[in-house]
Amino acid sequence: ITFRHVFELMPFDNELVVLTMQGKEILALCDVFAISGGQGVAGLRMTANNGVLRSATIAGKEILPEAYYTVATSDYLSQGNDGMLPLKNHIQCWNSEEKIRDLYIEYIKQVEVVEAKVDGRMDITM
């Protein structure tokens, strides 16, 4: 992986933000994922069929509508862009002021091999 690859993957200056959200908004976000065919996530697992959310868990536990969850994402998506409207409904937002691209670069410098694998966290059939 070269710096060029990282800049091709992340050409914009998006910053990492950490949101506090209620479960009902996370479930609404899962509905968006179900309709759009999925997104890159960590910690969340979901299944959907024909655009309808069937199940969703965080850390192996059912998402509770009134519970509070922490979500790390980009400042761009946190504003509801790219159809991620439920992210706008966060209760609190902390901006790290760190470019996500720079965080990727730091990670890549620290590991010898970057591995990617499909692990079934998004099981979406259309």
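User: Is Cys30 buried or exposed, and at what relative accessibility?

Analyst: Buried means under 20% relative accessible area, exposed means over 50%, and partly exposed lies in between, with a 1.4 Å probe and protein chains only. Cys30 counts as buried because its relative accessibility is 1%. This is a predicted model, in which local features need pLDDT of at least 70, side-chain atom pairs count only at pLDDT 80 or more, and totals for chains, interfaces and linings use all residues. Residues are numbered from 1 along each chain as its sequence is written, and side-chain values use heavy atoms, with hydrogens and water left out.

User: How many disulfides are there?

Analyst: A disulfide is a covalent bond between the sulfur atoms of two cysteines. The rule applied here asks for a pair of cysteine sulfur atoms within 2.5 Å. By this rule the count is 0. Cys30 is in no disulfide, the nearest cysteine sulfur being that of Cys93, 19 Å away. That distance is too far for a bond. Cys93 is partly exposed, at a relative accessible area of 38%.

User: Where does Asn14 lie, and which residues is Asn14 in contact with?

Analyst: Helices (H or I, at least four residues) and strands (E, at least two) are DSSP runs, numbered from the N terminus. Asn14 lies in the loop between H1 and strand S1 (15-22). Asn14 counts as buried because its relative accessibility is 18%. Contact means heavy atoms within 4.5 Å. Leaving aside neighbours within four places in sequence, Asn14 is in contact with Ser74, Asp75, Tyr76, Glu98, Lys99 and Ile100.

User: What volume does the largest pocket have, and which residues are the closest to its centre?

Analyst: On a 1 Å grid over the protein atoms alone, a pocket is an open set of points where a 1.4 Å probe fits, with protein on both sides within 12 Å along at least five of seven lines; lining residues have an atom within 4 Å of a point. The largest pocket has a volume of about 1500 Å³. Of its 41 lining residues, the closest to the centre are Gly40, Val41, Ala42, Ala72 and Tyr104. The largest share of this lining, 6 residues, comes from S5.

User: Which residues line the second largest pocket?

Analyst: The lining consists of Gln39, Gly40, Val41, Lys117, Val118, Asp119, Gly120, Arg121 and Met122, and the volume of this second largest pocket is about 180 Å³.

Technical notes: Grid points are joined across faces, edges and corners, and a volume is the space filled by probe spheres set on the points.
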